Amino acid sequence: MTDRTLDRAALVRWVGVAGAAALAEPLAAASAARRAFPQQHPRWRFVFVNHATTNPFFIPTRYGIQDACDLLGTSYEWTGSKRSNVGEMVVAMRAAIRRRVDGIAVSIIDPRAFDDPTTQALRHGIPVVSYNADGGRSNQRLAYVGQDLYESGLKFGARIVELVHEGEVFIFIATPGQLNIQPRVDGALDAIKDSGKPIKPTVVATGARVPAERVRVEKTYLRNRKLRGMFAVDAGSTESVAATMRKHGLHKRGVRAGGYDLLPATLRSIADGHLDFTIDQQPYLQGFLPILELFLVRYTGGLVAPADTNTGLLFVTRSNVRRYLTTHTRYEGSSSREGFPVV
């Protein structure tokens, strides 16, 4: 081989280097000329219609909303009902439509009641997404952000089957039929039935107020002392199950228990060995992501449409609860402080 012999590999490397050098200057210039995202835009106003406006579950949701609004230069209003009153929620939604707000996020807890206001909002060019609860198939909302509730119930039920092999178990629900929690019960009952295990589930309504929930849960135990499991599908009922399990020392006696969400008393009960698990459905994302989706509809003139987003399911047990108890952040609602990195 002579010096004049063509080395194809070397030629390819040379062309690559030369090409990169040729492209580098215009790319750098384009990058320097590019304006930061987002560019200047109207301060769009978004409204969240919620079914439990003062419930501590939604503290991280509101932090997520605030953070997204700060990031994008928008504003929001938090409205709806304190006690899952559908009529109050519909009134709040219609009021937002009359004011011609720039987007609405609504927890659709009823299969029909929100259909007409959603259609009305869309007719006026107001995008609507649902979060936390998705209502019925007839609703024309553009997307849903939240947990796949029935699928969550199936996994919840499967965990019950793992913990309780036979006997009577009670599943507590604050408001039966409400579409942010009822699908979890439906999924759990199906999973228990499909398992073929000799488990007898009974569903008990506890109500929307925590003090009453605690009374109902404890009374259920006192009337059924041979029960083998106590489980719940909402934050307040889960906290009430934890309190009853702790008060009567039931876990040491073989009773198994678990539920949903990250209230402090629930997490402490897991760490102390009174609850077997709780389920994290990432409430922060249920506030942050709807703002992003509503913003992009406005910012792109509708070219970027909202997309269904499953905020997931994570079982919190004694093996991973420590971080939840020792880390105080906006993301779990345990602190209002913003900080990076999270330690």
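View 1. Ser-107 belongs to strand E3 (residues 103-108); helices (H or I, at least four residues) and strands (E, at least two) are DSSP runs, numbered from the N terminus. The model is predicted: local features need pLDDT of at least 70, side-chain atom pairs count only at pLDDT 80 or more, and totals for chains, interfaces and linings use all residues. Residues are numbered from 1 along each chain as its sequence is written, and side-chain values use heavy atoms, with hydrogens and water left out. Ser-107 counts as buried because its relative accessibility is 0% (buried: under 20% relative accessible area, exposed over 50%, partly exposed in between; 1.4 Å probe, protein chains only). Leaving out residues up to four places away in sequence, Ser-107 touches Val-49, Asn-50, His-51, Met-89, Phe-114, Tyr-131 and Ala-133 (contact: heavy atoms within 4.5 Å).

**View 2. The parallel sheet with strands E1 and E2.** This open sheet has six strands in the order E2-E1-E3-E4-E5-E11, with parallel pairing (two strands pair if DSSP finds at least two bridges between them). Strand E2 (75-80) and strand E11 (309-310) are the edge strands, each pairing on one side only. Six bridges link E1 and E2, and Phe-48 has Trp-78 in E2 as its bridge partner. H10 packs on the sheet, touching E1, E3, E4, strand E5 (144-146) and E11, and its direction makes about 140 degrees with that of E1 (axes are lines fitted to C-alpha atoms, for helices over the stretch in contact; angles run from 0 to 180 degrees between N-to-C directions).

**View 3. The largest nonpolar core around Phe-48 and Ile-291.** Among the 23 residues of this core, Phe-48 and Ile-291 touch the most other members (nonpolar core: buried Ala, Val, Leu, Ile, Met, Phe, Trp, Tyr and Cys residues joined through side-chain atoms within 4.5 Å). Two or more residues each come from strand E1 (45-50), helix H2 (59-72), strand E4 (128-134) and helix H10 (285-299). Beyond its neighbours within four places in sequence, Ile-291 contacts residues including Phe-46, Phe-48, Ile-65 and Leu-72.

View 4. Six strands form an open sheet with mixed pairing, in the order E7-E6-E8-E9-E10-E12. Strand E7 (199-205) and strand E12 (314-316) have a single partner strand each, so one side of each lacks a neighbour in the sheet. Strands E9 (residues 256-260) and E10 (residues 277-280) run parallel and are joined by three bridges; Gly-259 stands opposite Thr-278 in E10. Helix H9 (residues 264-271) packs on the sheet and touches E10 and E12. Helix H5 (residues 149-163) runs at about 165 degrees to E9.
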